[in-house]
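Please look over the structure below together with the briefing that follows, which is grouped by topic.

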Amino acid sequence: MHTEFSARIASLGRGDLQTEVAYRGGLVVKRGTPGSVRADVVEGTLERPIAIYDLKTGSARLTPTRIADIRSHLPQGFQDIPIIEIRAP
Amino acid sequence: MKEREFEKLIEAHILPDVGEMRVRRSLLYADTPDGLLRGISFDTSGFSRDLFYLQAFVQALFVPVDTLVYQVGRRLRGLFQFKPDGTDRPEVMATAAAAIIAEGLPFLDQMTTAAEFAAHAYEVAGTNTDPYIVEMVGYSWIIGGHMGRGKGEVHRLLDEVLSPSWPPGRLIADRARAVETALGESEERARDLLLRWEAETRAALRLEPHTAASPAE
């Protein structure tokens, strides 16, 4: 499901949508970096995101704790951007 | 895919076509005598171990961090995916090599010295207000011998860019003040401080001190 999701995002050909972006302490870092958070989709540029989309499947939900965690790691000045749950069909 | 597997694949399928670069695990890179790390990282997807991205980036190593930083970078176009049985690895790596040559290396070639990095980083990143990028640019000017510009960017970082309400900014501010103090003593003190931080970053990233790379290494 997630792989197909990545392929669909890529097929849109939109340079302002990136999948699987990791942030830590305001830095854009390599995915899997200890202490980082992964944004499933970032809209905008990596350094200047305008929205983040979190892909959820099954009973999983985007929680306030998860939203706060993501926000705490975004670059300076982008802590208030929308963080939106998207659900796989 | 495991990083060691990437290392072998990069050595076999990419390295012969990219000139004087090196491989460390899933990182294809060239560093410069003045402290830049210019890299293409092969980043496995968290969605599927057969899927990976190619991320080109340039990082000023004299800003002390313990991770690769993509702030001045570009993800190469395309989604690279192996079949689960691995039978198409040469073909996928050939596609990756083509993307690196067409898009990745031209990106890296914009910034081959600290001064070039300082001159282009804001344009590449599309912002001159990201604290980490401003920090890298300021110190790059200093390393590149442009002390006036370096001092100007360090002052701008402290006085205009950093927000006191952003917690990670405290560490950046502490470093910038240390550089400012060192600059007040002498240019050499400031350079020594930055070279010490570069050594710390290299150690954290397990990069050896810079030497001229050769394809045979």
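How many residues does helix α5 of chain B have, and what does it reach from its first C-alpha to its last? Helix α5 (residues 147–161) of chain B has 15 residues and reaches 19 Å, close to the 21 Å expected at 1.5 Å a residue, the expected span being 1.5 Å times one less than the number of residues. This is a predicted model, in which local features need pLDDT of at least 70 and side-chain atom pairs count only at pLDDT 80 or more, while totals for chains, interfaces and linings use all residues. Residues are numbered from 1 along each chain as its sequence is written, and chains are lettered from A and ligands numbered from 1 in the order in which they are written.

**Helices of chain B**
- Helices (DSSP runs of H or I, at least four residues) are numbered from the N terminus.
- In α5(B), the buried residues (20 or more other C-beta atoms within 10 Å of their own) include Gly150(B), Leu157(B) and Val161(B).
- The buried residues of α5(B) pack against α4 and α6 of chain B.
- Helix α4 (residues 131–143) and helix α6 (residues 169–185) of chain B pack at an angle of about 15°, with their axes 11 Å apart.
- That angle makes α4(B) roughly parallel to α6(B), a label for angles under 35 degrees.

**Tyr53(A)**
- Tyr53(A) lies in strand β4 (residues 49–56) of chain A, strands being DSSP runs of E with at least two residues.
- Tyr53(A) counts as partly exposed because it has 19 C-beta neighbours inside 10 Å, which falls between the exposed limit of 12 or fewer and the buried limit.

Key. Axes fitted to C-alpha atoms, helices over the stretch in contact; angles between N-to-C directions. Parallel < 35°, antiparallel > 145°, perpendicular 65-115°, else oblique. Contact = placed C-beta atoms within 7 Å.
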